[in-house]
Amino acid sequence: MKSREYLKYFIYSLCIFIAIMGLLFNFIITIASLLLLICFVEYEKYYTKSLRYFIRCCDDIIENKEKHIEIIDGEGDISLLSHKLYILNERFYTLLDDINNEKIILKDYIDDISHQLKTPITSMKINEEILIKKITDELQKKIVENIYIQTNHMSNLVNSLLTLAKLDAGSIRYDIKTYELKTIIDNVEDILTPLLIRHEVELINHFDDIHIHCDFNWMSEAIENIIKNCIEASPHRNINIYANHTESSLIIQIHDHGKGIDHDDINHIFERFYKGKNSSPSSVGIGLSLSQKIIEAHYGYIEVSNDNGAIFTIHLPIISIKKKF
């Protein structure tokens, strides 16, 4: 860094020298001008090289690549910037370590709570199933069946809340790979087959050879929640699924032909525990919130609109998504 200071003083001195010699010899002015040009070129190279080094350091910090940042000695701006970037780098990774440790602790808490809740609920369901088979009195049987329905409802709610807690905590590690979108849609359709049959609804795909970069299970759950919401938006017969690529995004549209979303609800539909006017009576208002969280964790976003039913549009980035994971 001292060499930069010496170079600066040399340029100042050279400028004064040129002013004096310019009165004496034109030849000296020409030579001095060339020397001055060379000095400025070398200075620009040094400055550009330093800036590029700092840009690389910033990129490494953004990509979470630990790197020792070289401190440049001296008293100029480049030296000051190198000191501050070094301190920022150290503090960033210290904070990142603390956050990761907190995530691990929180994940352990959530897993423990999950176990403590699921065990008694599973036991309740088993006992209720046994009672339903053994009870002969129709009134008593109906009461137990209602209890069993509520237990299932409570089980689904607990699972959704625990999943939401994990997403909020950022404690989920996604296994990101490339899949055919049709494979994910087929998987979702298999899971929702009983619901599709009950509502007499058919899924119709309008795309070919579309690939998606995602975690298979989590993206399946996000799309499942959306399609489930669409199935329950009776009355309609078909749910159409469209997909296409742009330069930077994969766009997936899920279009039902039901009642659509009420104007007062459309800006709140992804809020947790929000139930719109056309929601299913069994809905608790978590499914779409979960879908939004999962899609955002894939660095995408979801929006909804009305056009002869509801249209859910998922935007997922194509460029550089691998780097983010």
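How many helices and strands are there in the protein? There are eight helices and seven strands, helices being DSSP runs of H or I with at least four residues and strands runs of E with at least two, numbered from the N terminus.

The model is predicted, so local features need pLDDT of at least 70 and side-chain atom pairs count only at pLDDT 80 or more, while totals for chains, interfaces and linings use all residues. Residues are numbered from 1 along each chain as its sequence is written, and side-chain values use heavy atoms, with hydrogens and water left out.

**Figure 1. The protein as a whole.** Of the 325 residues, 35% are buried (buried, under 20% relative accessible area; exposed, over 50%; partly exposed, in between; 1.4 Å probe, protein chains only). The protein exposes about 20,400 Å², and carbon and sulfur atoms supply 56% of this area (Shrake-Rupley method with a 1.4 Å probe; for residues, only the protein chains shown count as cover). Among contacts with a separation of 6 or more, 67% join residues 24 or more positions apart (contact, heavy atoms within 4.5 Å).

**Figure 2. A nonpolar surface patch that includes Ile 105.** Ile 105, Tyr 109, Ile 113 and Leu 117 make a patch of about 390 Å². Patches consist of residues with over 30% relative accessible area and no salt bridge, like charges being joined within 9 Å and nonpolar side chains (Val, Leu, Ile, Met, Phe, Trp, Tyr) within 5 Å. Ile 105 belongs to helix α3, residues 77-134, and is partly exposed at 45% relative accessibility.

**Figure 3. The salt bridge between Lys 177 and Asp 175.** The structure holds three salt bridges (a side-chain nitrogen of Lys or Arg within 4 Å of a carboxyl oxygen of Asp or Glu). In this one, the N to O distance is 3.8 Å. Both partners are partly exposed: Lys 177 has 43% relative accessibility and Asp 175 has 42%.

**Figure 4. The salt bridge between Asp 186 and Lys 182.** The two side chains meet at 2.9 Å, N to O. Because Asp 186 and Lys 182 are four residues apart in helix α5 (residues 181-199), about one helical turn separates them. Asp 186 is partly exposed at 27%, as is Lys 182 at 43%.

**Figure 5. The salt bridge between Arg 237 and Glu 200.** The closest N and O atoms of this pair are 2.8 Å apart. Arg 237 lies in the loop between α6 (216-231) and β4 (238-245), and Glu 200 in the loop between α5 and β2 (202-206), so the pair ties together parts that are 37 residues apart in sequence. Arg 237 is exposed at 54% relative accessible area, and Glu 200 is exposed at 52%.
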